[in-house]
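Take a look at the model below. The report that follows covers a few of its features, one by one.

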Amino acid sequence: MKSFGWKQILLALAGFGLIVLALVVVKAVPQDVLAQIWQKGLTRPAGWRNILKESTPLILLGCSVYLALRVGLFNIGADGQFVIGACCATVAALKFPGPTGIVAGIIAGILGGALWAYPVGLIKAYRGGHEVITTIMLNNIAGFLTFYLVSGPIMDPTGQQPSTATIADSAQLPMLIQDGPFRVSSATLIAVMAVAGLWWYLSRTVGGFELSATGKNSNTARFAGIAVEKVTVRAMAASGAIAGLAGAVQVLAFEHRFYAHFSPGYGFDALGVALLAGGNPLATAASGLLFGFISESTSILGRTGVPKSLSSILLGVLVIVFAAYRYRKEAIVRD
């Protein structure tokens, strides 16, 4: 595994430069804004609580996208798999109150995400359909389907909004640390375990080796006896399963219910998390934490009068820069 290199660090610094430049463009004083971010985001327990809360789904979804990238697939559909996983987990947790609901919710979320991604792998492996097109279409279908469900069949009968009922306290993931405003959910531990599991799978198992070999050169992998088509389907389903787990964790730990337009775009931000991680799956934890920090900084910027959309633009720029860097590096390897 290649380490997090100095070029990635330079790119991160370039991203920071873009933030400063954007602040100047919107006529904000960079040092004042950065001081606000430092004081309210990094020196307060509540700031770190919010950063960890935002980072948790991003780390899990980053693992999902990273796994697909290792086999050469752009899983743009992580957002749809996240939504389907969250919806399935909510239904299961409402059906089985108590600690059983936690287990049932996590299993339902994993299965929901995997089944939503499975057709993408089949179409890619056996019909050559591009995964970007199919996953984008499935994202739209996931949005319409869950909106229909939450507006009718699974809607809270006592509510007025398209939302399910709130799951019982006993079916929610507990807090690991709760000290005043500073809280660390067990969901964060699940995210860290997912990162470690991904590293172990990719670096210590035959399945991980087959996946990486297929991603580097499918023709060579096929010549070596690897069933490329099966590996592609398996990787896409596993990627969807992790995204579904992220949705389940989001419901069981933070939201406690499912509602229309559930995802604020975590699946798309996860592309940046995975690309920033480079060649080391362990780095998805650090890049997810960075994106969580940016998200919390957005809220702070909003309170100082700086447009919130600024962070979305900057995240988009970062994703483009790192995607271009990754494409260039892979092109050099192929040549």
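## Cysteines

Is Cys 63 buried or exposed? Cys 63 is buried, because its relative accessible area is 1%, under the 20% cut-off. This model is predicted.

The whole structure was searched for disulfides, and 0 were found. Cys 87 takes part in no disulfide. Its nearest cysteine sulfur belongs to Cys 88, 5.8 Å away, whereas a disulfide needs the two sulfur atoms within 2.5 Å. Cys 87 is also buried, with 6% relative accessible area.

## A nonpolar surface patch

Four residues make up a nonpolar patch on the surface: Val 103, Ile 107, Leu 111 and Leu 115. Together they have about 400 Å² of accessible area.

Ile 107 sits in helix 5, which covers residues 99-127. Its relative accessibility is 45%, so Ile 107 counts as partly exposed. In an α-helix, residues three or four places apart point the same way, because there are 3.6 residues a turn.

Val 251 lies in helix 10 (residues 228-255). It is buried, at 0% relative accessibility.

What does Val 251 touch, leaving out residues up to four places away in sequence? The contacts are Ala 86, Thr 90, Ile 167, His 256, Arg 257 and Phe 262. Thr 90 is 161 residues from Val 251 along the chain, yet their C-alpha atoms are 6.7 Å apart.

## Helix 12

Helix 12 spans residues 283-303, 21 residues in total. From first C-alpha to last it reaches 31 Å, close to the expected 30 Å.

Its buried residues include Gly 288, Phe 291, Gly 292, Glu 296 and Leu 301.

Conventions: Residues are numbered from 1 along each chain as its sequence is written. This is a predicted model: local features need pLDDT of at least 70, side-chain atom pairs count only at pLDDT 80 or more; totals for chains, interfaces and linings use all residues. Side-chain values use heavy atoms; hydrogens and water are left out. Patches are made of residues with over 30% relative accessible area and no salt bridge: like charges are joined within 9 Å, nonpolar side chains (Val, Leu, Ile, Met, Phe, Trp, Tyr) within 5 Å. Accessible areas come from the Shrake-Rupley method with a 1.4 Å probe; for residues, only the protein chains shown count as cover. A salt bridge is a side-chain nitrogen of Lys or Arg within 4 Å of a carboxyl oxygen of Asp or Glu. Helices (H or I, at least four residues) and strands (E, at least two) are DSSP runs, numbered from the N terminus. Buried means under 20% relative accessible area, exposed over 50%, partly exposed in between (1.4 Å probe, protein chains only). The expected span of a helix is 1.5 Å times one less than its number of residues. Contact means heavy atoms within 4.5 Å.
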